[in-house]
Amino acid sequence: MREDNNKQNKTSQKTNWQQKPWFWPTIYGGIAVVLIGLIFTYSALTREDENEMVNEPTVQDESPVIETNARTETLKYPFDESQLENVKVLQDFYDMNADAKTRENALLVFDQTFSTSSGLSISINNEPFEVLAAMSGEVKEVKLDSFTGNKIIIAHPNGMETHYSSVSDILVKEGDLVEQGQPIATTIENEWNPTAGIHLHFEVLEDGKHVNPRNYLNF
């Protein structure tokens, strides 16, 4: 009998709690709080994933092709290679270690004054020819000077520079990116070295110092 009475008392207490006016609102409120917490947690995790996707660096397919390729390029002739048999070196690069004849051929004379050549003066049948970029790079400067001959300076990603003097009909400007073998000008004659006639004065620089182009090209 006591056990039956205890069971009836417990059932009666549960019923009494459920009949309280605040019981069910409290239950619903607790459930709502839990749901809201889950929603906020899910939203926060989703937002972090989106931020990570946005902040991930995008892969650029349009890489600087000229710079990448030029680092592995080797110097080429500043003219159409098919004309190589017709090329004549009018003046050599002045090299103290060269033989006497080569050093003599590297002396330039103007107004009874001698100066040494810092590059090669190249002629093809004493006729105008198309000048090509010897290596890919960026046009650093275009100097217009009819007396000494206009000059184009191209800087290359490997630290070298090439200079092209005694040219006209210039096809590039400062800041242009050029590819190896791209036409950049046409040869002319100039007043500073009139005995050379129509020619290209071609110079190569390493670390800002002139070097003999023959170190790279077999003229």
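**Close-up views of a predicted model**

**View 1. Surroundings of His163.** The side chains of His163 and Glu161 form a polar contact at 3.0 Å (N or O atoms within 3.5 Å, where within protein one must be able to donate a hydrogen and the other to accept it, and residues adjacent in sequence count only if both atoms are side-chain atoms). The structure is a predicted model, in which local features need pLDDT of at least 70 and side-chain atom pairs count only at pLDDT 80 or more, whereas totals for chains, interfaces and linings use all residues. Residues are numbered from 1 along each chain as its sequence is written, and side-chain values use heavy atoms, with hydrogens and water left out. His163 belongs to strand 8, residues 160-168 (strands are DSSP runs of E with at least two residues, helices runs of H or I with at least four, numbered from the N terminus). With a relative accessible area of 7%, His163 is buried (buried is under 20%, exposed over 50%, partly exposed in between, for a 1.4 Å probe and protein chains only). Among the residues that His163 touches, not counting those up to four places away in sequence, are Ile152, His201 and Phe202 (contact means heavy atoms within 4.5 Å).

**View 2. The salt bridge of Glu161 and Lys140.** Glu161 also meets the side chain of Lys140 in a salt bridge, at 2.6 Å from N to O (a side-chain nitrogen of Lys or Arg within 4 Å of a carboxyl oxygen of Asp or Glu). Glu161 lies in strand 8 and Lys140 in strand 6 (residues 137-143), so the pair ties together parts 21 residues apart in sequence. Glu161 is buried at 15%, whereas Lys140 is partly exposed at 46%.

**View 3. The salt bridge of Asp92 and Arg214.** The closest N and O atoms of this pair are 2.7 Å apart. Asp92 is in the loop between strand 1 and helix 4 (100-104) and Arg214 in the segment after strand 12, so the bridge ties together parts 122 residues apart in sequence. Asp92 is buried at 8%; Arg214 is partly exposed at 33%.

**View 4. The ring pair of Phe79 and Phe219.** The structure holds five aromatic pairs (rings of Phe, Tyr and Trp, the last by its six-membered ring, with centres within 6.5 Å; planes under 30 degrees apart are stacked, over 60 edge-to-face and the rest tilted). The centres of the Phe79 and Phe219 rings are 6.2 Å apart and their planes at 55°, so the pair is tilted. Phe79 is buried at 2%, while Phe219 is partly exposed at 23%.
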